[in-house]
There are 2 protein chains.
Amino acid sequence: METRTPYPQAARRLLRETLLAAGRDEVQQRAWSEITMAEIAAAAGVSRQTLYKEFGSRDEFAQALVIHEGERFLDQVDTAVREHLDDPRAAIGAALETFLRTAGEDPLVRILLSDDGTAGLLPLVTTQGMPVVQWATARLTATIEQGWPQAPPAKARLLAEALVRLAISHVTAPGESPEAIAKSTGELLGPFVDEALGQAT
Amino acid sequence: METRTPYPQAARRLLRETLLAAGRDEVQQRAWSEITMAEIAAAAGVSRQTLYKEFGSRDEFAQALVIHEGERFLDQVDTAVREHLDDPRAAIGAALETFLRTAGEDPLVRILLSDDGTAGLLPLVTTQGMPVVQWATARLTATIEQGWPQAPPAKARLLAEALVRLAISHVTAPGESPEAIAKSTGELLGPFVDEALGQAT
DNA sequence: TAGTTGACAAAAGAGGCTAATCTGTCAACC
DNA sequence: GGTTGACAGATTAGCCTCTTTTGTCAACTA
């Protein structure tokens, strides 16, 4: 599984990583609309043109940033899932609870939700949310298939997309506590996963 | 079931209905931020003060308008559900498909989704969406309980809220076709409803 | 080769300032 | 129960200017 990465790819990856980290730092302090590309480049210790060369445009960078941050959440979800490979229903609950809790506490997510206008990042998870939904769905699908290889791919994807959409919904319009939501959703989707995975609670 | 409504209530209801209808007509043409309370009142053939007396403020009117329009969609959902009382799984599919199709074609919904900013109506179904979610959930829960009295209330509510959130998600960030979504979601939630209602397909 | 620098047009945004409009709430009237 | 007219305070439209930002050059450097 471990392969040495050739220098060019590694350098490129490092560059992206550095720029995205700089972007995160900025977004944690001010609204997206008040942050300039020049500032991000400067914070990363790189020229503005390098930023453009790597990401193409401001909007594309925003997309990449949101997905990159999402990656952090999904890593945690992965871990939560792996701790409940024996009990799919509990896995769903743990995954959702982990996600909602960390997202709810994350300063970046708070800012994202508070900056309403068209200029902000919020549309990237609502009206223009499809890229994020599809990316997260693909990622979660992979996690599920890895944890339960016997699951039919179509059903894994179905479950993943529903979880992604429900998770986003609960983050943007929060009602009950993460635990309550996790419990309910586990109950709701439990019968489906029991059937799909051929395992009983 | 049929009771004569006393005049005062009837008049009040007629007033609200007329104002909301006027509001809908306006919103179908321009963005919410460009519509004034005076125009709505005029379109309803009523004075501005009557509007304020009835709805309190611009924001409250917006809330009422969104819910009132939602009522139209949920009426259709009700009908769709009632046509499949023998098959809960099909009922879910029909309900979602009906909702997504009519919502997708509705000019009002299109405008709602295109007007991003804080000034628009969109936040009422996303970041400030809880009132709408709760209202729609309560309404759908009632429909389910009426159609399947044997269903445990908690499970009916659980199912209803998930359907509401998924429906909103699919309207704001549309991916597949209404039919495909309806089919998938029916499949996803089927096992749960089978269990909750004690009926097999 | 991968990055920096400086320069650029076009687009967007900040600032100020006035006039107009809108909201939300009066009280008087029918 | 509804209308009318009037009102202060807050918003918004318009316009104009100045500045900044975006996105893309070509020339330069390690």
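## Where the two chains meet

In this predicted model, 26 residues of chain A are in contact with 26 residues of chain B. On the chain A side, helix 7 (130–147), helix 8 (153–172) and helix 9 (178–197) each give two or more residues. Helix 8 of chain A makes the largest contribution there, with eight residues. Sorted by class, the chain A side that touches chain B has 13 nonpolar, nine polar and four charged residues.

## How the copies are related

## Around DNA strand D

Now for the DNA. There are 15 residues around DNA strand D, and the ones that come nearest are A:Met37, A:Ser57, A:Arg58, B:Ser47 and B:Thr50. Both chains take part: helix 2 (37–43) and helix 3 (48–55) of chain A, plus helix 1 (7–27) and helix 3 (48–55) of chain B, each supply at least two residues of this surface. Helix 1 of chain B gives the most, with three residues. By class, the surface near DNA strand D holds eight nonpolar, six polar and one charged residues.

Helix 4 of chain A covers residues 58–82, which makes 25 residues. From first C-alpha to last, helix 4 reaches 36 Å, close to the 36 Å expected at 1.5 Å a residue.

Which residues of helix 4 of chain A are buried? They are A:Phe61, A:Leu65, A:Val66, A:Glu69, A:Leu74, A:Val77, A:Ala80 and A:Val81. In an α-helix there are 3.6 residues a turn, so residues three or four places apart point the same way.

Definitions and conventions
Residues are numbered from 1 along each chain as its sequence is written. Chains are lettered from A and ligands numbered from 1 in the order in which they are written. This is a predicted model: local features need pLDDT of at least 70, side-chain atom pairs count only at pLDDT 80 or more; totals for chains, interfaces and linings use all residues. A residue is near a molecule or strand if its C-beta atom, placed from the backbone, lies within 6 Å of it. Helices (H or I, at least four residues) and strands (E, at least two) are DSSP runs, numbered from the N terminus. Ala, Val, Leu, Ile, Met, Phe, Trp, Tyr, Cys and Pro count as nonpolar, Asp, Glu, Lys and Arg as charged, and the others, Gly among them, as polar. The expected span of a helix is 1.5 Å times one less than its number of residues. A residue is buried if 20 or more other C-beta atoms lie within 10 Å of its own, exposed if 12 or fewer, and partly exposed in between; C-beta atoms are placed from the backbone. Two residues are in contact if their C-beta atoms, placed from the backbone, lie within 7 Å.
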